[in-house]
Amino acid sequence: MPTSKKVEPKKAAGTEEGAAPKKGAQPIQTTRGMRDILPIDQPHWQRIAEVFQAMARDYGFERIDTPMVEDASLFVRGVGKVTDIVEKELFQWETPGGEHVALRPENTASIVRAYVQHGMLNQPQPVRLWYKGPFFRYDRPQAGRFRQFFQGGFEVLGEADAVIDAQLILISYNILRELGLDPIVKVNSLGTPESRANYKNALVAFFRSKKNKLTEDDKKRLLKNPLRLLDSKEEHMQELKAEAPQIVDWLDEESKTHFMRVLEYLDEAQVPYQLDPYLVRGLDYYTKTVFEWFAASDDQELAQAALGGGGRYDGLTELLGGRPTPAAGFALGLDRVVSRLKDLHPNTTTQVRKVDVFLAQLGEVARKKALVLFEEFRKAGIPVGEAFAKASMKGQMEAANKHGAKWAIIIGQKEVMDGTAILRDMDAGTQEIVDIKKAVHEVKKKLGHISPQA
Ligand code: AMP
């Protein structure tokens, strides 16, 4: 997205400055690529949150939240200048104070910034952090692509050993399995920056020799970021790729051993993987191991869209001004995970809240009493329901049944005068009069929270 200078807010149709919208004005909708997550889908998001929290606890990761707005140069330097994310997809603007800021398109660069900024290098290493939140890319919206999307991820900073790469793959595997998916991970190694540079040269030489088969876009990529040619899903590129040099043949000895060890650990942990020599990922900071998660879907387009990915980024801390620190991590795209969960569980409904007691009232004064009594039940930790806006007893009793209330407290005009309330057993249909001041106490007794003699 080009940097916006000064953007005048669009006026909704039929509105004048300072005037109320005219009746019949166009309703305002979400902007392109943005969407609401409605209550019906919240159980899936809730489940994901629980699984992330449980994994973080089990593997000893601590939560970190970084701001949604960062200095744009963090991503230009961190993610890479000639990546799609920075070139085309960054939501960025100039603040009135003249700062060039951007909405975060991913979290690794921010986490590394936080690691350096807060001196986490001085803590016992490795530092294990996890996060979950919204990210922003000014992408062309399509199946599985939004401008605001959610990622959850785990990062390990301060450890170079291959076992960390494998453990991160194992954790992401366990998250997806725990959610009921049947995922497969594609893995590759990009080696050190030096071996990658050598490979890049070989790749450029190869594609130059095939120039007549390249599109204009391919040629641009060849100049700017030749590795991205391997990402191409286009037909003509598949044949070319099959003949192209493969990065494994260009890996230095250390990267090769590292990669072999990652694969051995995965075998040992029985994580199913596929070697993919063309997997390069769209971000510049990766070194050595890279991986991406996929899972089958009825929707062809979705099946090809990765559920998440990650890898090692040993050079990023130094690139962002810190001391050299090896690190690795992954992020799962939660919107895409949710779409799979919806495939698996299509009949999710919003749950009606279950309550133990329901407060019904007749008349204005009784409603005031019930409003206050509600607070007493709530503070006592007893799930309580109400339909204060309803006036009829029939409507309120229907609501009590809908919420599964075993007990109802009914306050009418007479009860207000007497300082009492009717306590009704909703199943038996029997009722008794209780002192309104003791209503919470009586319900507690009925629920067995305290003994009947108390
Ligand atoms: P990346 O690090 O760019 O590969 O992103 C990790 C994961 O986030 C991807 O595999 C997707 O699942 C998800 N993701 C990335 N961009 C978007 C987007 N625009 N909309 C929805 N999900 C996305």
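# A walk through a predicted protein chain

The protein chain carries 64 positive and 63 negative side chains. Lys and Arg count as positive here, Asp and Glu as negative, while His and the chain ends are not counted. The centres of the two sets lie 5 Å apart. For this, each charge is placed at NZ of Lys, CZ of Arg, CG of Asp or CD of Glu.

This is a predicted model, in which local features need pLDDT of at least 70, side-chain atom pairs count only at pLDDT 80 or more, and totals for chains, interfaces and linings use all residues. Residues are numbered from 1 along each chain as its sequence is written, and side-chain values use heavy atoms, with hydrogens and water left out.

How confident is the predictor? The pLDDT gives its confidence in each residue, from 0 to 100. The mean for the protein chain is 91, and 95% of its residues reach 70 or more. Over residues 1–7 the value is below 50. That stretch has 14 contacts in the model beyond near neighbours in sequence; a contact means heavy atoms within 4.5 Å. Residues 11–17 are also below 50, with seven such contacts.

Now take the whole chain. It has 16 helices and 16 strands. Both are DSSP runs numbered from the N terminus: helices are H or I with at least four residues, strands are E with at least two. The radius of gyration is 29 Å, well over the 22 Å that the globule rule gives for 454 residues, so the chain is more spread out than a compact globule. This radius is taken over C-alpha atoms, and the rule is 2.2 Å times the number of residues to the power 0.38. Along the principal axes, the C-alpha atoms fill a box of roughly 95 × 60 × 45 Å.

Of the 454 residues, 47% count as buried. Buried means under 20% relative accessible area, exposed over 50%, and partly exposed in between (1.4 Å probe, protein chains only). Among contacts between residues at least 6 apart in sequence, 70% join residues at least 24 apart.

Leu190 sits in the loop between strand 7 (183–189) and helix 6 (193–208). Its relative accessibility is 1%, so Leu190 is buried. Leaving aside neighbours within four places in sequence, its contacts include Ile247, Leu251, Tyr286 and Lys288.

Lys288 belongs to strand 9 (residues 287–295). Is Lys288 buried or exposed? At 8% relative accessibility, it counts as buried. Its phi is positive, about 55°, although Lys288 is not a glycine. Gln270 also has a positive phi, near 55°. Gln270 lies in the loop between helix 9 (253–268) and strand 8 (273–275). With 65% relative accessibility, Gln270 counts as exposed.

Another backbone feature is at Pro126. The peptide bond from Gln125 to Pro126 is cis, with omega near -5°. Pro126 is in the loop between helix 4 (108–117) and strand 5 (127–136).

Finish at helix 14 (residues 393–402). Its buried residues are Gly395, Gln396, Met397, Ala399 and Ala400. They pack against strand 12 (357–361), strand 14 (407–411) and strand 15 (420–425). After helix 14 comes Gly404, with a positive phi near 70°.

Terms used: pLDDT = per-residue confidence, 0-100.
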